[in-house]
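Thank you all for coming; I would like to take you through one structure this morning, going from helices to rings to pockets. Please have the sequence and the model open while I talk.

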Amino acid sequence: MKANMIIFTRSVQHLNRTINLPSVPYIIKQFSDGELYVKILRQAQDDWDDEKDIWIITSTQPPAENILELFFLLDALTRSGAQKINIIFSYFGYARQAIAQAGEARGAQVITQFLQQFPLNKIYIIHAHAAPVIHDLLNFTNIIDFDFFCNTSKEYDVIAAPDKGAAEFAQQVAQRCNKEFIALEKTRPEHERVLIQTIHGSVQDKKVLLVDDIISTGSTMIAAANVLKKSGALQVSAAATHGIFSQGSQEKLQTSELTKIYVTNSVNPTAGGKIEVYDIGKFIEKVIKSS
Ligand code: R5P
């Protein structure tokens, strides 16, 4: 009989872990010198019959040791005879480092090359950033919790894409959630500076929800909200799967034109003020149970 067992790594302990599946028993600790130690407490071959799927739920969020923990776990599981090992990344970072200039390290390539050392069954990434680039490096399935976007968009008239990169996704959200769609165009003259130049569509007296995969510095959503408000929007909010909220962004977002900022807990953001956090534990459970 097919059975599933799960492991939540330390980077995703905040997710709703009420999933009704047995956990793989393991020890993870730091030696007194700080080195990482991982041990799977299950060695007998018959415990891991090949009908048993192991699901590691993890993310690449800093500290970088979280990634080392994943590699140690994969090694320990493989060496103790686990047959079908699957990974769900609640967030797969380093995608913005996939394309590197001369002399720069390619973060995404390094991580994917390590992953390929292990005989993995399925890899899922929740709302992969730069999905086509990562697809060139890794065989994975991109999964998006559209319920999160449809629930948050209920009180809005229009779904808006803050830039070209988000347009295809935002259009999909609009279709699925039965909303009007508009697109914005942006340029990024410097890393943390964003210019929104064009709005394709009218937002006069409308409540607009901007959607994207990530909010990092917040510059994209803030610039988009400013332009939309100037163009007559009644209210502008933002929804993104990953609330990365890089240093200093929370304050900027809280004092911005945005009314609400909705994110999931893929990376454990802090709720408060305008920021509302939605748990994706149940979504992960659905993915595991329907695989
Ligand atoms: C393209 O740049 C991306 O899809 C996002 O718009 C971006 O990563 C969000 O970043 P930030 O919050 O720093 O503007």
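Predicted model: local features only at pLDDT ≥ 70, side-chain atom pairs only at ≥ 80, totals over all residues.

Residues are numbered from 1 along each chain as its sequence is written, and side-chain values use heavy atoms, with hydrogens and water left out. When I name helices (H or I, at least four residues) and strands (E, at least two), I mean DSSP runs numbered from the N terminus.

H6 itself has 12 residues and reaches 17 Å from its first C-alpha to its last, close to the 16 Å expected at 1.5 Å a residue; that expected span is 1.5 Å times one less than the number of residues. Its buried residues are Ser219, Thr220, Met221, Ile222, Ala223, Ala224, Ala225 and Leu228, where buried means under 20% relative accessible area, exposed over 50%, and partly exposed in between, with a 1.4 Å probe and protein chains only.

Buried in H1 are Asn66, Ile67, Glu69, Leu70, Phe71, Leu73, Leu74, Ala76 and Leu77. As background for reading such a list, an α-helix has 3.6 residues a turn, so residues three or four places apart point the same way. Leu70 counts as buried because its relative accessibility is 3%, and its C-alpha lies 17 Å from that of Asn139, which is 69 residues away in sequence. After H1 comes Gly81, with a positive phi near 95°.

Several backbone details deserve a look. The peptide bond from Pro62 to Pro63 is cis, with omega near 5°, and Pro63 is placed in the loop between strand S4 (52-59) and H1. Which residues other than glycine have a positive phi? His127 is one of them, with phi near 40°, and Phe245 is another, with phi near 45°. His127 lies in the loop between strand S6 (120-126) and H3 and counts as buried at 5% relative accessibility, whereas Phe245 sits in the loop between strand S12 (235-243) and helix H7 (249-254) and counts as buried at 9%.

Now to the rings. A search of the whole structure finds 9 aromatic pairs, counting rings of Phe, Tyr and Trp (its six-membered ring) whose centres lie within 6.5 Å, with planes under 30 degrees apart called stacked, over 60 edge-to-face and the rest tilted. Phe148 and Phe149 have ring centres 4.7 Å apart and planes at 65°, so this pair is edge-to-face, and both residues are buried. Tyr156 and Tyr262 also form an edge-to-face pair, at 6.3 Å centre to centre and 80° between the planes. Because Tyr156 lies in the loop between helix H4 (146-153) and strand S8 (158-161) and Tyr262 in strand S13 (residues 261-264), this pair ties together parts that are 106 residues apart in sequence. Ring pairs also link Phe146, Phe148, Phe149, Phe169 and Tyr278 into a cluster. Over the ring of Phe146 sits the charged end of Arg176, 3.9 Å from its centre; the criterion here is NZ of Lys or CZ of Arg within 6 Å of the ring centre and within 35 degrees of the ring normal.

Finally, the pockets. On a 1 Å grid over the protein atoms alone, a pocket is an open set of points where a 1.4 Å probe fits, with protein on both sides within 12 Å along at least five of seven lines, and lining residues have an atom within 4 Å of a point. The largest pocket holds about 910 Å³ of space, a volume being the space filled by probe spheres set on the points, which are joined across faces, edges and corners. Its lining has 34 residues, of which His129, Ala130, Gly165, Asp212 and Asp213 lie nearest the centre. Which helix gives the most to that lining? H5 does, with 5 residues. The second largest pocket has a volume of about 190 Å³, and its lining includes Pro62, His129 and Ile214.
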